[in-house]
Each structure stands twice: as structure tokens, then as C-alpha cells.
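My notes follow, in the order I took them.

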Amino acid sequence: MSAIAVTGSSGRLGRMLVPMLTLAGHDVRTMSRRDGAGDHTVDLRTGRGLDEALRGVETVVHLATSNGSADTTMTRTLTAATERSQTSHLVLLSIVGVDRIPLAYYRHKLAAEQIVLNSRTPATVLRATQFHELLDAFFHAQRRLPLRLAPALPVQPIAARDVAQRITALVAQLPAGRQPDLGGPQQITWSEASALWGAAHRPRQRSITIRVPGATARAIRDGHGLVPGPAHGELSYTDHVRAAAEQADGER
Ligand SMILES: NC(=O)c1ccc[n+]([C@@H]2O[C@H](COP(=O)([O-])OP(=O)(O)OC[C@H]3O[C@@H](n4cnc5c(N)ncnc54)[C@H](OP(=O)(O)O)[C@@H]3O)[C@@H](O)[C@H]2O)c1
């Protein structure tokens with residue numbers, strides 16, 4: 001099995017992916033900007049520590065994100081390093097709709113895709129919809145407010161575990177360019193997701209549906225953040241929330 005370096009290994013998805021890759025028999029190298037938080041201390045904005053982290057590595061899975069404009073720079077720094085190294089496969093995770101939804105963050109994510117696909121390092125690019133864990137964080141952040149706000153916009157959340165499973169399959173294959181998009185098994189609205197989350201975690205907090213104006217909301221309402229078709233992740237948001245509530249009950 002091969003040596004795999006994972007950027008963003010301390011993030012929501014990275015924490016699920018690393019044990020899965022290890023279980024699949026790979027020699028996994030983790031990276032973080034924080035000393036001691038990964039096998040290698042790496043800052044993708046500056047490239048500090050990157051060449052050392054990629055030494056002897058065949059595959060790089062790029063999950064690091066600034067959740068903002070630095071994603072373009074970080075990806076350019078990474079591809080320059082993979083081209084200097086022995087890396088034979090670079091896998092990037094991106095977001096469904098980055099080419100159709102006019103969010104500034106998505107513009108940088110789309111640029112990152114293009115940098116990776118145009119790099120001399122052979123690449124695979126997968127787009128996924130929002131993770132269950134991202135929705136949870138959005139609702140959890142509002143837990144102490146009297147009301148919980150959620151937009152009347154569609155979403156097709158997917159378990160980070162299901163995305164990690166797909167990436168584990170992709171690293172075992174040859175570089176294959178852009179892959180079919182990956183979404184969750186259930187299309188709901190953020191306000192429906194809020195009701196599900198609230199029933200499990202904050203039954204007394206009211207959930208308020210808000211209407212969001214503007215071009216970004218229109219593109220999301222038009223379904224550009226969704227993945228039509230049958231072949232998607234296994235765990236629905238409904239089942240994810242139910243399982244989390246049962247676990248919390250069990251721990252009380
Ligand atoms: N969350 C979603 O719903 C979702 C949906 C579809 C696609 N995606 C994509 O999936 C990927 C992973 O998302 P996530 O939610 O797991 O991310 P996350 O939890 O926000 O984690 C971001 C990671 O990036 C690392 N990072 C940030 N700046 C860095 C820098 N300058 N140098 C090196 N590492 C840096 C952080 O590591 P340290 O802080 O330890 O340095 C952290 O591990 C991202 O590319 C994201 O765009 C996410």
C-alpha cells in the first residue's frame with residue numbers, strides 16, 4: 001500500500017478519512033499548521049514544511065481549506081510542491097455548484113480545481129455537497145439563542161464518513177480527472193434540517209424559516225448545489241440526527 005499525505009487532516013473530513021486510509025493499509029502522513037497536531041507542521045499559505053512532508057509520498061489528498069480566498073494560493077503552493085516531488089496522484093475535494101453559485105469562496109474553490117486539473121501531477125477532483133457535520137455546526141452555533149434561524153433553501157447533506165469512503169476508493173485507483181458529483185441520499189431544506197436537529201437537540205427552541213434574497217440564494221434555490229440521480233451517500237440527515245440523539249441519551 002502507498003504513502004499518502006493528507007492536507008487538512010485535522011478538519012471535519014480529515015479526522016474521518018485518516019483512520020479509514022490507515023485501516024485500508026496505507027502509510028498516512030497528517031499535516032497541520034500547529035506544531036504537534038500532525039506528523040508534519042505545514043502551512044500551505046507559505047509552503048513551510050511542505051517539501052519535507054511530501055518526501056516519499058505517492059498520493060496527496062488535499063482537504064485543507066481557509067474557508068475563504070486563501071484556497072487558491074494554498075492549492076497553487078501545494079501543486080508546485082507535488083510537481084517537485086515524487087507525487088503521482090493528487091486528489092482534491094471540492095464543492096457541488098462551485099461553477100454555478102456566485103459565492104466568493106466558491107470562486108476560489110473553482111480556481112483550486114483548475115489549478116489541480118492543469119497541474120503536471122496527475123489528479124482526481126471530486127465535488128461533494130454540504131456535510132451533515134457542517135449543518136450540525138450551523139445549528140449548534142445558534143443553540144443559546146431564543147430562536148434558531150434557517151433559510152428556506154434546498155440542501156442535500158452527506159455524512160463526512162460517506163465522503164471519506166469515496167475518497168478511500170479514489171486513492172486506490174489511477175488519477176481520473178473530474179469525478180461524478182457526490183451528494184447525500186435526501187434533498188431537504190435547511191429549515192427542515194433545522195426542525196430535525198431541533199427535535200433531537202433543542203426541542204424547546206423555535207426554528208424560524210428565513211427567506212434569503214440575492215443571486216446566491218437564487219442559484220441554490222434553482223438546485224445548483226444539489227446532485228440529481230440515485231447513486232449517493234448512504235446515511236440521511238434524518239438518520240444521522242437520530243443516531244446522534246440516541247448516543248447523547250445513552251451517555252446521560
Ligand atoms: N464542510 C463541508 O460541508 C464541505 C462540503 C463539500 C466540500 N468540502 C471541502 O472539503 C474539504 C474539507 O472540509 P472540512 O469541512 O473538513 O474543513 P475544515 O473542518 O474547515 O478543516 C480545514 C482544515 O484546513 C487546514 N488548514 C487551514 N489553513 C491551512 C493552511 N494555511 N495550511 C495548512 N492547513 C490548513 C486546517 O488545519 P489546521 O488548523 O490543523 O492547520 C484544517 O484541518 C475542504 O476543501 C472543503 O471545501 C467541505
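Before looking at charge pairs, I noted the rule: a salt bridge is a side-chain nitrogen of Lys or Arg within 4 Å of a carboxyl oxygen of Asp or Glu. I am working with a predicted model, where local features need pLDDT of at least 70, side-chain atom pairs count only at pLDDT 80 or more, and totals for chains, interfaces and linings use all residues. Residues are numbered from 1 along each chain as its sequence is written, and side-chain values use heavy atoms, with hydrogens and water left out.

**Entry 1, salt bridges.** I get nine salt bridges by this rule. One of them joins Glu52 to Arg55, with the closest N and O atoms 2.7 Å apart. For exposure I used relative accessible area: buried is under 20%, exposed over 50%, partly exposed in between (1.4 Å probe, protein chains only). Glu52 is partly exposed at 42%, and Arg55 is exposed at 55%.

Next I checked Lys109 and Asp71, whose side chains form a salt bridge at 2.9 Å, N to O. Lys109 is in helix 4 and Asp71 in helix 3, so this pair ties together parts that are 38 residues apart in sequence. Are these two buried or exposed? Lys109 is buried at 6% relative accessibility, and Asp71 is buried at 1%.

Glu83 and Arg120 also meet in a salt bridge, at 3.5 Å from N to O. Glu83 lies in helix 3 and Arg120 in the loop between helix 4 and strand 6, so the pair ties together parts that are 37 residues apart in sequence. Glu83 is partly exposed at 29%, while Arg120 is exposed at 68%. I also found Asp99, Glu113 and Arg127 joined into one network by salt bridges that share partners.

Helices here are DSSP runs (H or I, at least four residues), as are strands (E, at least two), numbered from the N terminus. Helix 4 covers residues 104-117. Its buried residues are Tyr106, Lys109, Ala112, Glu113, Ile115 and Val116. What do they pack against? I see helix 3 (70-84), strand 5 (89-95) and strand 6 (123-128).

Most residues other than glycine have a negative phi. Asn67 is not a glycine, yet I read a positive phi of about 55° there. Asn67 sits in the loop between strand 4 (59-62) and helix 3, and is exposed at 58% relative accessibility.

I count nine helices and 11 strands. Buried residues make up 50% of the 252 residues.

Definitions and conventions. Expected span 1.5 Å × (residues − 1). Contact = heavy atoms within 4.5 Å.
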